[in-house]
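Let's walk through a protein chain together, one step at a time. Have a look at the model below, and then we will start with a pair of its helices.

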Amino acid sequence: MHGREAGEVDMTIRYEPYTTQERIVRLFREAIELENRRELDGAKKKLDEILELAKDRYPEFYFEACFRMGDIFLQEDNYRGAIKCAMRAMMAAPSEELYLLGAERIKAIVMIAKENDRLDELGENFETTLAMVKNDKELHSFLMAIIGIVRGELREVPGNIKTEKLREALRILLD
C-alpha cells in the first residue's frame, strides 16, 4: 500500500508558513532601516511587499504594515494617505484589542493633521476608501463624519459610532 497506513501520523515538516513569516519580519527590519535613513520610497516598497505577503494570511502583520505605511505618509505630510492606510488596517484588525489600538492611532493622525492645519485634505478623495469600508457600518460612518466635519456639513459626532477613541478623534475635529 502506497502512502500512509491507517492510523499513521503525517510527520512531514512544513516550512512554508515559517519561511513566509521570517521573510515578513526581515522586510519589516529593512523597511524600518530605510525609513530611518529617510529613504521613504524604498521603505514603502518593502511595506507593500509585506502587505502582499500578509493579506488574508497574517492579519497582525498586515495591520502593522498598514500603520507603518501610514506613519510614512505622515512624514510626507500626506494626511489623507495616512487615514486611508489606517482604514485598511482597521478593516483587517484581527482582534478587538488591535481595533482599539488602531482607533487610538487614528486619533493621533487626526490630531497631527489638525496641529499642522491640514484638515482640509481630509474632506476629499476618499471614494475608494469609502467603498472599502462600506460593509463596516462604524468605519463607514466614521469616515463620512470626518468628511462632513471638515467640509462644515456636520457639527456633532454621529450616535452610531460606538468606539470611544473614534468618537474622540471626531471631537478633535469639532473643537
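At what angle do helix H3 and helix H4 pack, and how far apart are their axes? Before we answer, a word on the model: it is predicted, so local features need pLDDT of at least 70 and side-chain atom pairs count only at pLDDT 80 or more, while totals for chains, interfaces and linings use all residues. Residues are numbered from 1 along each chain as its sequence is written, and side-chain values use heavy atoms, with hydrogens and water left out.

Now to the pair. Two packed helices are described by the angle between their axes and the distance between the axes. Helix H3 covers residues 59–75 and helix H4 residues 79–92; their angle is about 170°, and their axes are 8 Å apart. Axes here are lines fitted to C-alpha atoms, for helices over the stretch in contact, and angles run from 0 to 180 degrees between N-to-C directions. H3 and H4 are therefore roughly antiparallel to each other, a label for angles over 145 degrees. Residues on both sides make the contact (heavy atoms within 4.5 Å), including Tyr62, Phe63 and Phe67 of H3 and Ala82, Cys85 and Arg88 of H4. The residues of this contact divide into 14 nonpolar, 2 polar and 1 charged. Here Ala, Val, Leu, Ile, Met, Phe, Trp, Tyr, Cys and Pro count as nonpolar, Asp, Glu, Lys and Arg as charged, and the others, Gly among them, as polar.

Let's step back to the whole chain. The chain has 8 helices and 0 strands; these are DSSP runs, with at least four residues (H or I) for a helix and at least two (E) for a strand, numbered from the N terminus. Of its 175 residues, 42% count as buried, meaning under 20% relative accessible area with a 1.4 Å probe, protein chains only; over 50% is exposed, and in between is partly exposed.

Thr20 is found in helix H1 (residues 16–36) and counts as buried because its relative accessibility is 9%. Leaving aside residues up to four places away in sequence, Thr20 touches Leu53, Arg57 and Tyr58. Thr129 sits in helix H6 (residues 127–132) and is buried too, at 4% relative accessibility. With the sequence limit of four places again applied, Thr129 touches Lys84, Met87 and Leu143.

Finally, visit the loop between H1 and helix H2 (40–54), where Glu39 lies. With a relative accessible area of 37%, Glu39 is partly exposed.

Terms used
Parallel < 35°, antiparallel > 145°, perpendicular 65-115°, else oblique.
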